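Visitor: Could you show me how to read pockets in a model?
Guide: Gladly; let us look together.

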Amino acid sequence: MGPVAPSAIAGGAADANATTFERVLDDRAPEAIRDLVAANAGAALYVAERAPTLRAGYDRARELLANGVAKALFAKYRDAACKAAESG
């Protein structure tokens with residue numbers, strides 16, 4: 001992961017950001033965005049003591065995105081949130 005131009009990771013309108021998020025979960029987003037998401041998730045894994053180093057957390061996050069586990073976990077979260085919202 002190296003330096004990138006801010007424009008490479010800039011957000012946009014809500015619908016565009018939602019599309020980018022879906023592409024991240026499908027491991028098809030631009031490399032700079034995938035790196036940014038993996039760095040953030042990797043730091044969370046490290047702080048939660050689920051990875052021994054920041055680098056290991058980053059690598060694990062990239063793996064979870066690439067193998068579809070992150071997408072499956074998000075789907076479970078989304079479904080549970082929708083159920084909770086429906087039940088009031």
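Visitor: How many residues line the largest pocket, and which lie nearest its centre?

Guide: A word on the source first: this is a predicted model, in which local features need pLDDT of at least 70, side-chain atom pairs count only at pLDDT 80 or more, and totals for chains, interfaces and linings use all residues. Residues are numbered from 1 along each chain as its sequence is written, and side-chain values use heavy atoms, without hydrogens and water. A pocket is an open set of points on a 1 Å grid over the protein atoms alone, where a 1.4 Å probe fits, with protein on both sides within 12 Å along at least five of seven lines; lining residues have an atom within 4 Å of a point. Here 13 residues line the largest pocket, and Ala41, Ala61, Leu64, Leu65 and Ala70 lie nearest its centre. Its volume is about 250 Å³ (the space filled by probe spheres set on the points, which are joined across faces, edges and corners).

Visitor: Which helices supply at least two residues of that lining?

Guide: Helices are DSSP runs of H or I, at least four residues, numbered from the N terminus. The contributors are α1 (14–25), α2 (31–47), α3 (54–66) and α4 (69–87), with the largest share, four residues, coming from α4.

Visitor: What is the lining of the largest pocket like by class?

Guide: Ala, Val, Leu, Ile, Met, Phe, Trp, Tyr, Cys and Pro count as nonpolar, Asp, Glu, Lys and Arg as charged, and the others, Gly among them, as polar. This lining has 13 nonpolar, no polar and no charged residues.

Visitor: And which element gives the most to the second largest pocket's lining?

Guide: That is α1, with five residues. The pocket holds about 170 Å³ of space, and its lining includes Phe21 and Leu36. By class, eight lining residues are nonpolar, four polar and none charged.
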